[in-house]
There are 2 protein chains.
Amino acid sequence: MAATGKYAKGVAKRNEILHKALEVFSREGYRGTSLREVAEAVNLSQAGLLHYFDSKEELFGEILRVRDESDRDEYAQTGSAPDALIAIMRHNMAVPGLVQLYATISAEAAEPNHPAHEFFVRRYDGLRGMFVNSVRDRQSSGTLDSSIDPEALASIMLAVADGMQVQWLINPSVDMAANIEYLWSLIEKPGAGAAG
Amino acid sequence: MAATGKYAKGVAKRNEILHKALEVFSREGYRGTSLREVAEAVNLSQAGLLHYFDSKEELFGEILRVRDESDRDEYAQTGSAPDALIAIMRHNMAVPGLVQLYATISAEAAEPNHPAHEFFVRRYDGLRGMFVNSVRDRQSSGTLDSSIDPEALASIMLAVADGMQVQWLINPSVDMAANIEYLWSLIEKPGAGAAG
DNA sequence: GTCTATAAGTCGATAGAC
DNA sequence: GTCTATCGACTTATAGAC
């Protein structure tokens, strides 16, 4: 890694780069983004940018790492997983660029050689695990039917969230948060399909 | 459009190109795919390839058009929408490349200027419409609780399908079809959460 | 810490021979 | 129908001045 940033100015610039680069990558995806584009966004030459990060791949990795840290800080302890998921969806409707970053990159990253592949493998494992734990808690406390399969439900809820984001990106009139909340109400409430 | 293909050889080569180009685009996405790469896959020079399609964008549009036609032929009238969805998921587990094409491109295509943007807007509208109709049918015939919101449910089921594909691409041990079938069983069966 | 200059390569597309 | 050759633009990355 370059420019570990012992001095205040360097650190500040590094953060500015990470912030602006996130925006550009969000719009264009990993492959669609050039270092020049990022460099211009932070008023730097392309070579100047590479003083802070040795390669495009390293810059990109740092973006994901930082982003995930702040996400975890913000939502990890927000009560139960389904509530957190709904909250995140509602919040995401204000940051389409960020949503597109994850949609674009997670698809690209299916290739095992992609620089972000391992990141996404671990990310999904982690999220699924968190959700499974939360579902089990609810089952223990009787809030959720105990016949429900926690692993399957975790996978399903994460999938709805991801898929809903794609639909919303392509047609913003879709209400992501409302739809997910609605699904959860169908699953959580005993006798979902009982009435006429 | 170039090379409308009056002669047998031209038509055959055009089809070969569409077929192979689909594979390449599936792996690499629209932006990640070069015409040279496609050309090599069909033993043609890059200029030779452009004899059949005037531009990269035109080639790509044709791929989507052809693909959607054959999909529609195969699954459009397969009983009800949820059953068709499960069948498609099961089938998709045999064609990861194709799954990745749609995941990659649908994310890229969120940009309004993307050559495939309109295609995906129409595609989701069409799929949602089909699903809504199917849900209403089931409600009329009493197979499905009539208090369920058809629009929301359609959006949700399509989202699960899309999101499940992303999870599966990144970690193929996820059983897409089983999970979707499971979700549908939770929604369809009266008293889903009744037992303890 | 930031620059210019440049290497070495890829891209999509066109012109024109055969 | 297919090729070679080429254009102009763009890419990541490096070297070295300041």
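**Reading a helical model**

Modeller: Let us begin with a loop: A:Asn43 lies between helix 2 and helix 3 (46-52) of chain A. Please bear in mind that this is a predicted model.

Colleague: What is the phi of A:Asn43?

Modeller: The general idea is that most residues other than glycine have a negative phi. A:Asn43 is not a glycine, yet its phi is positive, at about 50°. This residue is also exposed, with a relative accessible area of 69%.

Colleague: Where is B:Asn43 found, and is B:Asn43 buried or exposed?

Modeller: B:Asn43 is in the loop between helix 2 (35-41) and helix 3 (46-52) of chain B. Its relative accessibility is 68%, so B:Asn43 counts as exposed. Its phi is near 50°, again a positive value in a residue other than glycine.

Colleague: How many helices and strands does chain A have?

Modeller: Chain A has nine helices and zero strands. Read from the N terminus, its elements run α-α-α-α-α-α-α-α-α. Along the principal axes, the C-alpha atoms of chain A fill a box of roughly 65 × 35 × 30 Å. Chain A has 196 residues, of which 52% count as buried. Among its contacts between residues at least 6 apart in sequence, 63% join residues at least 24 apart.

Colleague: Which residues of helix 4 of chain A are buried, and what covers them?

Modeller: In an α-helix there are 3.6 residues a turn, so residues three or four places apart point the same way. In helix 4 of chain A, the buried residues are A:Glu58, A:Leu59, A:Phe60, A:Glu62, A:Ile63, A:Leu64, A:Arg67, A:Asp68 and A:Tyr75. Their cover includes helix 1 (8-32), helix 2 (35-41), helix 5 (81-92), helix 6 (96-108) and helix 7 (117-140) of chain A.

Colleague: How should I read the packing of two helices, and at what angle do helix 5 and helix 9 of chain B pack?

Modeller: One looks at the angle, then the handedness, then the residues in contact. Helix 5 (residues 81-92) and helix 9 (residues 176-188) of chain B pack at about 165°, with their axes 8 Å apart. Since angles over 145 degrees count as roughly antiparallel, helix 5 of chain B and helix 9 of chain B are roughly antiparallel to each other. Their crossing is right-handed. Helix 5 of chain B contributes B:Pro82, B:Leu85, B:Ile86, B:Met89, B:Arg90 and B:Asn92 to the contact, and helix 9 of chain B contributes B:Met176, B:Ala177, B:Ile180, B:Glu181 and B:Trp184. By class, these residues are eight nonpolar, one polar and two charged.

Colleague: Can the reading be applied between chains: at what angle do helix 7 of chain A and helix 8 of chain B cross?

Modeller: They cross at roughly 120°, and their axes come within 9 Å. Helix 7 of chain A and helix 8 of chain B are therefore oblique to each other, and their crossing is left-handed. The contact joins A:His117, A:Phe120, A:Val121, A:Tyr124 and A:Arg128 of helix 7 of chain A to B:Val166, B:Gln167 and B:Ile170 of helix 8 of chain B. Five of these residues are nonpolar, two polar and one charged.

Colleague: How do helix 8 of chain A and helix 9 of chain B cross?

Modeller: The axes of helix 8 (residues 150-170) of chain A and helix 9 of chain B come within 10 Å and cross at roughly 95°. That makes helix 8 of chain A roughly perpendicular to helix 9 of chain B. A:Ala152, A:Ser155 and A:Ile156 of helix 8 of chain A meet B:Asn179, B:Tyr182 and B:Leu183 of helix 9 of chain B. This contact has four nonpolar, two polar and no charged residues.

Colleague: Finally, which residues does B:Lys56 touch, sequence neighbours aside?

Modeller: Not counting residues up to four places away in sequence, B:Lys56 touches B:Phe25, B:Tyr30, B:Arg31, B:Thr33 and B:Leu35. B:Lys56 lies in helix 4 (residues 56-75) of chain B and is partly exposed, with a relative accessible area of 21%.

Notes: Residues numbered from 1 in each chain as written. Chains lettered and ligands numbered in written order. Predicted model: local features only at pLDDT ≥ 70, side-chain atom pairs only at ≥ 80, totals over all residues. Heavy atoms only, no water. Axes fitted to C-alpha atoms, helices over the stretch in contact; angles between N-to-C directions. Helix = DSSP H or I, 4+ residues; strand = E, 2+ residues; numbered from the N terminus. Parallel < 35°, antiparallel > 145°, perpendicular 65-115°, else oblique. Left-handed = near helix turned anticlockwise from the far one by under 90°. Contact = heavy atoms within 4.5 Å. Nonpolar A, V, L, I, M, F, W, Y, C, P; charged D, E, K, R; others polar. Buried < 20%, exposed > 50% of the residue type's maximum accessible area, 1.4 Å probe, protein only.
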